[in-house]
Every structure is written in structure tokens, then in C-alpha cells.
Amino acid sequence: MSEHEYVPKSKAAKWFNDRLPLLTLGAHLTDYPTPKNLNYWWTFGGILTFCLITQIVTGIVLAMHYVAHADLAFASVEHIMRDVNYGWLIRYIHSNGASMFFLAVYIHIFRSLFYGSYKSPREVIWIIGLMIYLLMMAAAFMGYVLPWGQMSFWGATVITNLFSAIPLVGDSITTWLWGAYSVDNPTLNRFFSLHYLIPFLILGLVVLHIWALHVPGNNNPVGIDIKKPSKDTVPFHPYITIKDAFALLVFMIIFAGFVFFTPNVLGHSDNYIPANPLVTPAHIVPEWYLLPFYAILRSVPDKLGGVILMFGAIFILFVLPWLDTSKVRSAVFRPIYRQFYWIFVFNVLMLGYVGAMPAEGIYLVLARVGTIYYFAHFIIVMPVVGLLEKTDPVPMSISEPVLTGGAEPSLARKINDKV
Amino acid sequence: MIKFNTKLFFILTFLLLISLRPLQSAEMVDPIKVDWSFKGLTGTFDRASLQRGFQVYKEVCASCHSMQYLSYRNLGEPGGPEFSEQEVKAIAASFEIEDGPDSQGEMFTRPGKPSDKFKSPYPNTQAATAANGGAYPPDMSVLVKARKGGANYIYSVLVGYEDPPPGVTLDDGVYYNKYMAGNKIKMPNNLMDGLVEYADGTESTVDQMAKDVTTFLAWAAEPELEERHRTGVKVIIYLVLLTTLVYLSMRKIWSRVDTEV
């Protein structure tokens, strides 16, 4: 992993480490040279690890009391809320934890987009990250189905019905997914099984994500390659650990605010009505973190087209490293791209907003404009701006953030060409 | 190249979006805002109001609405109406609960115990629906959490009965309610002044009964509310102190490096 030579102090430790170099790994993790200029947007990796562990721990406890049966699921959740010791706390941490997880992951992804962390040589980190994000969405969707309320049931119906848009085999696939001819008890059972499985898949991918990160090392706000270790880096421990701990605590204060004072504000009130296949809710809306994709789905009049665009909106991110033609990583030095970046952020927020509104009138128009712009950002803006943009001078190192003598952008490019 | 004033663009578009909002909820009247004692970060239930609310529930609502997730023992638990142990036993015993089968395989009835769930007025949803003109009276255990607007909405519906405006015709068994979505409700206006005789002598106006029973329903939906608020305040204080300490440690550690944290 690193070229750094670690020698255990005791004989026993040496004996063990020769057979399984866990101590070397530990030393690597504590000494890992990290850019000293990482800002707070870089603390979300640690926060996300905390979120994953929190979800797994609270989830395991909830699974001890939950009953995955269409007739009993709703009642078992109420049993958790009323009769299990601190059941309400565990469940509220778990349900709000999902939202906090997504809040953190969106900040993490948008940080990567701003500072060009997906660009060479970090494409594999980016792709593994997207796989984690996809699994998170699957886990969250299935988790939302488990309480078997009205939104659970109808959300599951809408999403699983998407697969029926596949030509020829669509209906067979949907029936296979349901394990029945509609969303029913077999569906709930398999969703519970998969909901328990996916977090551990995510955990495995997180290990790979961090491993892949430790090969090239962290990107940084300036976006330049740095020598490691050097005066531009600090050891991970204690510098980054304490900073991550501070950011995590601030995050936990917000988290606790939701859990203790407005635990249901992020959910939908209809999910406290037991699932009823005969009554359709007035508006079926997914959880907030899926709304932009929901808006894209509904913006297309054709079902198959909507499904393709919705999945396309995520899968286009996988080729992002090759769509971005700029030689400069960080948007700090990209005056034109920076404007487009913020328009893109706004566009995604707007799509999320219209996703929560009924698909009619002005909302439908906004959803369509937003969808077109979403794809245009990746297919047109990123390649074209990368080629045409005159970037600002990029510093030689973190310690000398400003190039003396006002260098030309061409020089900036030259620095990056060397990379 | 194109120059955007990004900030101005955001502000203008956001204002546009927000101004669109009222279009969507035009058909519904916003519920009355009540200054509930359980609102806010340290909100607690008004004990006397909870006890009165239970009385309204028992004498009025319970003839149609079930509360199947509550047990009689909950009435004596901290954070709720906090009836005494004797009172809880007496309340439970006033209901005939079906139990069994006994050793002969027969079902039998016995007086309720505090550990029993609230007795439902109908044996099942279908029976409840059939007996109420095709409209199922919803279970009230989590009703406050299951309605947009929560306690304010429930209270508003209870006091929102009006004569229908001219031009609106109502079928038999349908009533006009200002706050109900679509303004049509199958539950008749069951509250009238002096309907119940409060044990504590409070005057039982419609408004008083609506407030009391809504408070009771809010507790039923969130029996953990008081403990949640109390714990929450402690957790936040603890986290703020710890965050401060970690912040100071971080400043100290990073003072060895020439970079600002």
C-alpha cells in the first residue's frame, strides 16, 4: 500500500505483523499524508462512514423487533415505537439517518464535481463511489417500503412498475420482482431481505473506495498534484482525524435536532396510514433525496423514455471523467465552468422541487427544461467549456498559492501536462 | 463568453418558484394554528387536558373509532394522562374483553386488564365500514401523525363544521366541513356544548372538547414526546460542549501547521 517502512516494536507484534500486516495497515492509515489545505467540504467522507455504521447498528436492532409480513409490519413498527425500550429513538435515528446519509452524500458528490476529484487519476474512486450511491438508493427505497404504510406500498408500486416499460419481457420481469401479481407480502419479504443485505455490500465498496483513494491520495481545493509527504501535507492522524471529528460533531448536532425535535418532518404523513391496495394517495411522492430523478422520470410523456432518462441521469455520471475535457481540476481556477457549476446545482435543486409537485402545468414545463439542462450540462457544457475556457493561473504548490509574476493560463496548463 | 450574474439568477428564479407555491394548495383552507403546550423544543402535554381528552374519546369517539395500538396501561405511564394505578385498573375493568380459547376451546369474555389493548368498537375494518355508511372511521392511534397539519388539522376539522354554501348539495350522510380536503366529510358533527360532563368541572364547550381530545390524540400518536424533548435538550447540550472542546483541541493541534483550519 505505501512505500513507507514500518517496524513493530515488540517481538509478538512483529510475529503477528509478518503473518498479517494489520499493524502496517494501521500505521499507513495514521501516517497517510493528506493535503494540509483540505477544507470542510472534505470532512464528509468521515461523516458518511459514521452514517453507514449508524444505519447498520440501528438497523440490526430494529430487525430484531420488526416483522416482515404484510399484515403485521405496520403493527410491529408501532410496537417498536411504543413498547420496545428506546425503540422510538432507534427508529427515528434510522429513518432520519437515511436522510442525513443522503444529505452528506450529495454534499460529498457536489464537492467532487466542484474540485474535479473525479478526474484522472481518480476515476476508479469516482466510479466505486457512484456504485455506492446506487446501492444507497436501492437500500433507501426498500427501507421506505418496510413500514408498510400508504407511501411504502404505492411508492413500491410506482417504482417496480417502471420495469414493466421494458419491451417484450417487462411484465414478466415485474411479476418476478413482485413474487406475485401485485406488490404484496412476497414483495415485502424480499425487500426486507435485500434491505438487510445491501448495507454490507456498501461497506465492502467503502473499503474499496478508501483503498482506491489511498493509491493517488486526496485531491485538494487547489486541485494540483502534490509531493507526498512534503510541506504541503500533514499526517492523517491527528490533523485530519480531529478536524473530521469536529465536523462530525457539528453534523451530529443537526442530526440530533431532527431526531429529537422534528422526527417526522422529512417523511410523508401518509406513511402513518396502513397500506391499502384499494385506496391510492392523492400524490405519490418518493423521499426527498429521490425527487430530482422522479422529476426527470415524469417529465417524459413516454414511460420507457422516462425510465431510460431517469437511469441515464445516474449512469451518465459514470462517464463524467471522460466528458470533462478540462486540464485543470479545480473549479477555483475555471471562471466559466464555475458559473455553469452553480447553475447545475440550482437546476438539480429545482428538479427536486418540481418532483414534489404535481406533474402538471408550469411544473411539467420546469421539469422538462430542467431535464434537458441536466443532460446538456454533461454532454455539451462539460466537453465544450473544458476545451474553450481560459483558466486562471494555477499555483505550483499548496504552500505557494499565488504564482509570482502573474503567470499565464498556458503555464497552468503546462503544470498540469506534467502531471 | 457568456457572463452570468449567478447570484441574481438564483434569487430571481427562487422567488419565481416560491410565488408559484400558492397555486398548488388553493383548494384547501389552512388549518387553524393553535398554541399547543406540546409544541416547541421543551413542549409537554397538559396533564388535565389529556385526562379530559381521554374522557371525550371514551364517551364520544370510541363508539366508532378504534385505537388498537394503545394499551390501558399507557394511560398511567409517565408523559401521558398519568392516571393513577387504581384509575387505570378501573378504566380497563370497565371494558369486557374477549379472551381465549379456554381449556374447552371456547372463547370467553372477562373484565379488561391494564395490559389489554384498547377495545375496538368493531370486530374488523369491514364491519366498521359497513356500519358507517361506507366510510371507515380511521384508527386513531397515529392519526395526528398521519395527517398533514397534525394536531392543528384534527382540531380544525372538529370545529370546522358549517352549513354548506349556496350551490353545494350534499348527499345523505355527508357533511360540510371547512377544513376537510374537498370539504365533504362522512363523520357527523358529534361535538355540542355540554356533551360531556368533565370530572374536573371544566366547562365542556365544543372548542374545549376539541382541544382536549386533540391533545389526547397527539399524545396517543407520540407517547414518547416528553421524553424525546427532554433527552433531546440534554443530547444537544452535551454535543455542543463536546464540539467546543474538540474545536479548541483542533485549533491547538493545527497551530503547529501554517494553515488555517
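The structure is a predicted model, in which local features need pLDDT of at least 70 and side-chain atom pairs count only at pLDDT 80 or more, while totals for chains, interfaces and linings use all residues. Residues are numbered from 1 along each chain as its sequence is written, chains are lettered from A and ligands numbered from 1 in the order in which they are written, and side-chain values use heavy atoms, with hydrogens and water left out.

To start with the interface, 51 residues of chain B touch 48 residues of chain A, with contact taken as heavy atoms within 4.5 Å. Between them the two chains bury about 4,600 Å², and 74% of that is on carbon and sulfur atoms; buried area here is the accessible area (1.4 Å probe) that two parts lose on being put together, summed over both. Side chains of opposite charge can pair when their charged atoms come close. The rule used for a salt bridge asks for a side-chain nitrogen of Lys or Arg within 4 Å of a carboxyl oxygen of Asp or Glu. It gives 21 salt bridges over all chains, and 3 across the interface of chain B and chain A. B:Asp258 pairs with A:Lys36 in a salt bridge whose closest N and O atoms are 2.7 Å apart. B:Asp258 sits in the segment after helix H7 (225-254) of chain B and A:Lys36 in the loop between strand S1 (33-35) and H3 of chain A, so this pair joins two chains. In the salt bridge of B:Arg73 with A:Asp83, the closest N and O atoms are 3.1 Å apart.

Next come the helices; these (H or I, at least four residues) and strands (E, at least two) are DSSP runs numbered from the N terminus. Axes are lines fitted to C-alpha atoms, for helices over the stretch in contact, and angles run from 0 to 180 degrees between N-to-C directions. In chain A, helix H3 (residues 44-65) packs on helix H9 (residues 185-214) at about 155 degrees, with the axes 11 Å apart. H3(A) and H9(A) are therefore roughly antiparallel, the label for angles over 145 degrees, with under 35 called roughly parallel, 65 to 115 roughly perpendicular and the rest oblique. H3(A) passes H9(A) in a left-handed crossing, that is, the near helix is turned anticlockwise from the far one by less than a right angle, clockwise being right-handed. Among the residues that meet are A:Ile53 and A:Ile56 in H3(A) and A:Phe192 and A:Phe200 in H9(A). This contact comprises 12 nonpolar residues, no polar and no charged, where Ala, Val, Leu, Ile, Met, Phe, Trp, Tyr, Cys and Pro count as nonpolar, Asp, Glu, Lys and Arg as charged, and the others, Gly among them, as polar.

In chain B, the axes of helix H5 (residues 150-159) and helix H6 (residues 206-221) come within 9 Å and cross at roughly 150 degrees. The crossing of H5(B) and H6(B) is right-handed, and its contact residues divide into 9 nonpolar, 1 polar and 2 charged.

The peptide bond from A:His237 to A:Pro238 is cis, with omega near 5 degrees, and A:Pro238 falls in helix H10 (residues 236-261) of chain A. Another cis peptide bond links B:Gly100 to B:Pro101, with omega about 0 degrees.
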